[in-house]
Amino acid sequence: EEGDTLATGREQGFLQVGVANEPPYTEITASGEVTGVEPDVLRAVLKRLGIPEIEGVITPYDQMIPGLKAGRWDVVAAGLFMKQSRCAEVLYSEPDIVSTESFGVPAGNPKNITTVKSVLENPDVKVAVLSGGFEEGILKGANVPEGQRVTVRDGRSGIEAVKAGRADAFFLPTLSLNELVENDPSIEVTQAVEDAPKTGAGAAFRKADTTLHEEYNKELAALKATPEFGEILTKWGFNPADVEGVTTEELCQNP
Ligand code: 6CS
């Protein structure tokens, strides 16, 4: 079975992909279509590899790598941001997006939460994060005490935690927060957090899938050279220039 996922995908005509439902990174439409910037880039690259379809499996961020390793899906395309511990467990493609983090806070930002440092400096502040998410890792890495962290299961629950006063802020990617509070003037989204690491992602494969990984990177590079790549990113609100020149090697150094 080692490294045969590319062959299997070509035979069956699809791969199973671990996704969240967190627009604009991932979005499952009412009709069940798997979309969002990451599945759309994945689909475009897999087409070039002779795999016409993808089948999405929705899963929390903390289950994406365990499920990939256990064979519950063949690839993760969810904006699973690269960092040392994750890079040690999967084979990441070259990055297809680079983005930013923000805090979702009550309008007016009464506790003035703008940076990780501002959370550390105010022990009264509680911040909601997704369980096992990149943002939880940032807070842990900065030694933000456990009592200042509130774990939530998805984007909706994070916003609810802030609205109910169980948390003073929700730490999540800027674009995800923007989507969540689009029609909700009671929550505002801060500027990009300056002291957060660079949030870049690509497709994540099993370590044994070296052929798929290699072929994927070739076709991703080819796709990046066409207008289609920029069109996919801008459609979802990402700037294609942000990923230019950024490498997996660099992003995998994130703590
Ligand atoms: O990589 C992660 O864990 C994070 N990625 C996204 C796109 N949203 C939240 C999650 O924590």
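What distance separates the centres of domain 1 and domain 2? I found 26 Å between the two centres, taken over C-alpha atoms.

I note for the entries below that this is a predicted model, in which local features need pLDDT of at least 70 and side-chain atom pairs count only at pLDDT 80 or more, while totals for chains, interfaces and linings use all residues. Residues are numbered from 1 along each chain as its sequence is written.

**Domains.** I looked up the domain assignment, whose bounds come from an automatic or database source, and it gives domain 1 as 5-98 + 198-244 and domain 2 as 101-189. Where they meet, eleven residues of domain 1 are in contact with 13 residues of domain 2, contact being C-beta atoms, placed from the backbone, that lie within 7 Å. On the domain 1 side I recorded six nonpolar, two polar and three charged residues; here Ala, Val, Leu, Ile, Met, Phe, Trp, Tyr, Cys and Pro count as nonpolar, Asp, Glu, Lys and Arg as charged, and the others, Gly among them, as polar.

**Core.** I then turned to the largest nonpolar core, which has 72 residues, a core being a set of buried Ala, Val, Leu, Ile, Met, Phe, Trp, Tyr and Cys residues joined through C-beta atoms within 7 Å. Buried means 20 or more other C-beta atoms within 10 Å of the residue's own, exposed 12 or fewer, and partly exposed in between. Among the residues with the most contacts inside the core is Val-76, which, leaving aside neighbours within four places in sequence, is in contact with Gly-18, Met-64, Leu-68, Ala-203 and Ala-204.

**Sheet.** I traced five strands forming an open, mixed sheet in the order S4-S1-S5-S14-S6, where strands are DSSP runs (E, at least two residues) and helices are runs of H or I of at least four, both numbered from the N terminus. Strands S1 and S5 pair in the parallel sense over two bridges, at least two DSSP bridges being needed for pairing, and Val-17 has Val-75 as its bridge partner in S5.

**Pro-197.** Why do I list Pro-197 as partly exposed? I do so because 19 other C-beta atoms lie within 10 Å. Pro-197 sits in the loop between strand S12 (187-189) and strand S13 (199-201), and touches Ile-138, Asn-254 and Pro-255, not counting residues up to four places away in sequence.

How values were computed. Contact = placed C-beta atoms within 7 Å.
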